[in-house]
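Subject: Structure handover and notes

Dear colleague,

Please find the structure below, followed by my notes on what was found in it.

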Amino acid sequence: MTGLRVMAVDDEQPALEDLAYLLRADPRIGDVLTARDGAAALKLLDRAMADGRPVDAVFLDIRMRGLDGVVLGRLLTQFSRPPKVVFVTAYEDHAVDAFELKAEDYLLKPVRPDRLAEAIRRVCAGSTGIVGDRVEHDVDTIPVELGGVTRFVTSNEVRYVEARGDYARLHTATGSHLVRIPLAALEERWASAGFLRVHRSHLVAVRHIDELHIDSGKCVVRIGDTEIPVSRRHTRELRDLLVRRARKAKSE
């Protein structure tokens, strides 16, 4: 393949045509399929799978007649090879649904070319062997609200996470964001991205740890100017992990 094979789904013909036009204008896109509703999209996706040319990503409106985008997104997760999903909507109130479905991005209409280009970049980063020879690791994203505007924070921006009941506060180098996601859910989802639970109320990105101190049996890690307690049950796991990382870095 010379580019991504994608599908645009929207029940409004002008919006569908505009999105398809913008997708075709991106050099990373090789083929664009279109569908006016969720049922038609499923038929096209099934046909593409049967032909041995599965769709890599679906750019999906949410509020559609019949099968809406959220329901269709859930159905796509059941595919043997699920396509990446990017929601394209005029509404901001489905960002949590996007996170739960592990959507690559969440674009608000009217779609800006620069935001669409960023969404395509995220799709490419999670699709190995499609665009060029470079293989990148999948980067997870979380929707956050800033002044009434929804944007996405990537997992590699997050330095550590604090539990806030059923919420979690994400700390980055430039600030923090409160999101409606339990810490346990992030622990499970980000384990493969280098995050480790060090305390009942803290999850840390191991790569951002600057120092580890053990004094009188109490362990803390420092990330930037912040000291984070490490519970006794997690101390050995964290220490061993840091030692392994240091040895690997030295050998390289």
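Strand 9 (residues 167–172) and strand 10 pair in the antiparallel sense over 4 bridges, where two strands are said to pair if DSSP finds at least two bridges between them, and where helices (H or I, at least four residues) and strands (E, at least two) are DSSP runs numbered from the N terminus. The two strands form a hairpin with 3 residues between them, and within this pairing A168 has V179 of strand 10 as its bridge partner. Strand 10 (residues 176–179) has H177 and V179 on its covered face, whereas S176 and L178 are on the uncovered one. In a regular strand the side chains alternate between the two faces of the sheet.

Before going further, please note that this is a predicted model, in which local features need pLDDT of at least 70 and side-chain atom pairs count only at pLDDT 80 or more, while totals for chains, interfaces and linings use all residues. Residues are numbered from 1 along each chain as its sequence is written, and side-chain values use heavy atoms, with hydrogens and water left out.

Turning to helix 1 (residues 13–24), its 12 residues should span 16 Å at 1.5 Å a residue, which agrees with the 16 Å between its end C-alpha atoms; the expected span is 1.5 Å times one less than the number of residues. L16, L19, A20 and L23 are buried in helix 1, buried meaning under 20% relative accessible area, exposed over 50%, and partly exposed in between (1.4 Å probe, protein chains only).

As for salt bridges, the count comes to 17, with a salt bridge defined as a side-chain nitrogen of Lys or Arg within 4 Å of a carboxyl oxygen of Asp or Glu. D11 forms one with R65, the closest N and O atoms being 3.7 Å apart. Because D11 lies in the loop between strand 1 and helix 1, and R65 in the loop between strand 3 and helix 3 (69–76), this pair ties together parts that are 54 residues apart in sequence. D11 is buried, at 7% relative accessible area, whereas R65 is exposed, at 59%.

Within helix 5, the side chains of E118 and R121 meet in a salt bridge (2.9 Å, N to O), the two residues lying 3 apart, about one turn of the helix. E118 is partly exposed at 24% relative accessible area, as R121 is at 37%. Both belong to a network of salt bridges that links D105, R115, E118, R121 and R122.

R197 and E187 also form a salt bridge, with the closest N and O atoms 2.7 Å apart. R197 lies in strand 11 (residues 195–199) and E187 in helix 6 (residues 183–189), so the pair ties together parts that are 10 residues apart in sequence.

Finally, a cis peptide bond joins K109 and P110, with omega about -10 degrees, and P110 is found in the loop between strand 5 (105–108) and helix 5.
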